[in-house]
Amino acid sequence: MSYAGDLTPTDAWAKLEAGAILVDVRTEGEWAHIGIPETKATENDPLFISWSFPGGKPNPEFIDQLRQQAPEDADVELVFLCRSGQRSISAAIAATQAGYTSYNVLEGFEGEPDRYGERTVNGWKNRGLPTNLGKN
């Protein structure tokens, strides 16, 4: 594995409570229309840095934006979250290569689709972790 590891949403929340920083790598549209994780109960606000843009076009400035927003403290752990836990793997790998201790949240924010295509099976939101309907 080329990053620190995978976490369930519940384990990711525990890591955030212990001081890690959440990095939501979804698109602005996803943040606005689907919601965002709410981390007010932890000591750190989440970072919002898109890994890719609508249509899957990669964000060529992802690492530069991460460096601008994430603390330079080498002891700070980053927890990457996307819609389903796939883009966040790529982001965690890139961040690890840039020198960060990086984790991926399995299941992502929305989780896997059920047999009808609805994302109601698992994920951050469906596991009852704190959310907010719009980026503040």
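**Salt bridges in the predicted model**

Aspartate 24 is buried, its relative accessible area being 0%; buried means under 20% relative accessible area, exposed over 50%, and partly exposed in between, with a 1.4 Å probe and protein chains only. Its partner in a salt bridge is arginine 26, with the closest N and O atoms 2.7 Å apart. Arginine 26 also counts as buried, at 0% relative accessibility.

A word on the basis of these values. This is a predicted model, in which local features need pLDDT of at least 70 and side-chain atom pairs count only at pLDDT 80 or more, while totals for chains, interfaces and linings use all residues. Residues are numbered from 1 along each chain as its sequence is written, and side-chain values use heavy atoms, with hydrogens and water left out.

How many salt bridges does a search of the whole structure find? The search finds five, a salt bridge being a side-chain nitrogen of Lys or Arg within 4 Å of a carboxyl oxygen of Asp or Glu.

Another of them joins glutamate 77 to lysine 15, with 3.4 Å between the closest N and O atoms. This pair links distant parts of the chain, 62 residues apart: glutamate 77 is in strand β5 (residues 77-81) and lysine 15 in helix α1 (residues 9-17). Helices (H or I, at least four residues) and strands (E, at least two) are DSSP runs, numbered from the N terminus. Glutamate 77 counts as partly exposed, at 23% relative accessibility.
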